[in-house]
Amino acid sequence: MKNRLVIAGTVVAACGVLAVPGLLTSANAETPPAAPVAAAPAAPAAPVSPPPTRDAAPEHEVLGDVIGTGRRDSSGELVFYGVKLQEPQLPTTTFGIMGGIRDAAGGLKDVIVANEFAGSDKAPGFHAVTGGANLDGHDVPSFGYYAGPAAKITAAGNVVAHQAKWSADPNVVVFWFDSAADPGRLRAYDAAGDNLPAGHTGVGHG
């Protein structure tokens with residue numbers, strides 16, 4: 001997996017159950033205790049499906065829903081999803097957008113993550129615009145995200161991007177193009193067709 005930000009960290013989760021038995025007695029009872037009643041057999045537990053596996057760095061916790069693209073290769077579908085980032089050198093960057101592969105069983109393989117590296121990750125405008133590439137045998141097109149009410153995103157030549165709102169924050173719009181070419185002259189428009197702030201339109205590479 002290639003990424004634009006390398007983070008080291010470990011998340012440890014623990015849980016416990018404490019059972020406290022209780023006993024109720026009668027101090028002056030003279031009648032013999034009632035015969036014990038056989039307990040009804042416990043119903044078999046319903047089968048539980050294991051969670052999808054994920055070939056990923058452990059620090060990249062998935063945030064929100066996985067966004068499908070409909071693009072497929074021999075390993076599965078290209079998808080995008082938010083991941084949690086924690087880097088002391090980037091205190092205003094809390095997440096990135098991961099390009100990955102979802103296999104037939106729902107497992108995820110991280111391929112490339114793009115994130116803001118200068119200023120707030122949710123300031124109005126474009127962020128983490130990344131040129132397309134072939135990584136680990138997977139073709140990933142140009143992609144990024146926009147912070148704001150973008151109803152339409154275009155690049156040079158009036159090429160219209162695919163886009164989807166991020167469920168973890170609907171004000172963040174993930175977008176991607178059909179091509180791996182660097183998207184020039186990025187523009188975002190609101191529902192009324194008015195221009196939105198540009199933000200960071202420079203294109204990075206993993």
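I began with lysine 122, which counts as partly exposed at 37% relative accessibility (buried means under 20% relative accessible area, exposed over 50%, and partly exposed in between, with a 1.4 Å probe and protein chains only). I note that this is a predicted model, in which local features need pLDDT of at least 70 and side-chain atom pairs count only at pLDDT 80 or more, while totals for chains, interfaces and linings use all residues. Residues are numbered from 1 along each chain as its sequence is written, and side-chain values use heavy atoms, with hydrogens and water left out.

**Salt bridges**

I looked up the salt bridges and found two in the structure, a salt bridge being a side-chain nitrogen of Lys or Arg within 4 Å of a carboxyl oxygen of Asp or Glu. In one of them, the side chain of lysine 122 meets that of aspartate 169 at 2.8 Å, N to O. Lysine 122 lies in the loop between strand 5 (108–114) and strand 6, and aspartate 169 in strand 13, so the pair ties together parts that are 47 residues apart in sequence. Aspartate 169 counts as buried, at 17% relative accessibility.

I then turned to arginine 102 and glutamate 77, whose side chains meet in a salt bridge at 3.0 Å, N to O. Arginine 102 belongs to strand 4 (residues 95–102) and glutamate 77 to strand 3 (residues 76–84), so this pair links parts that are 25 residues apart in sequence. Arginine 102 is partly exposed, with a relative accessible area of 26%, whereas glutamate 77 is buried at 8%.

Strand 12 pairs with strand 13 (residues 169–176) in the antiparallel sense over five bridges, and I recorded valine 173 in strand 13 as the bridge partner of lysine 165.

**Sheet with strand 10**

I also looked up an open sheet of three strands, in the order 11-10-14, where the pairing is antiparallel. Its edge strands, strand 11 (159–160) and strand 14 (187–189), each pair on one side only. Strand 10 (residues 152–155) runs antiparallel to strand 11 and is joined to it by two bridges; I noted valine 159 in strand 11 as the bridge partner of alanine 155.

Notes: Pairing = 2+ DSSP bridges. Helix = DSSP H or I, 4+ residues; strand = E, 2+ residues; numbered from the N terminus.
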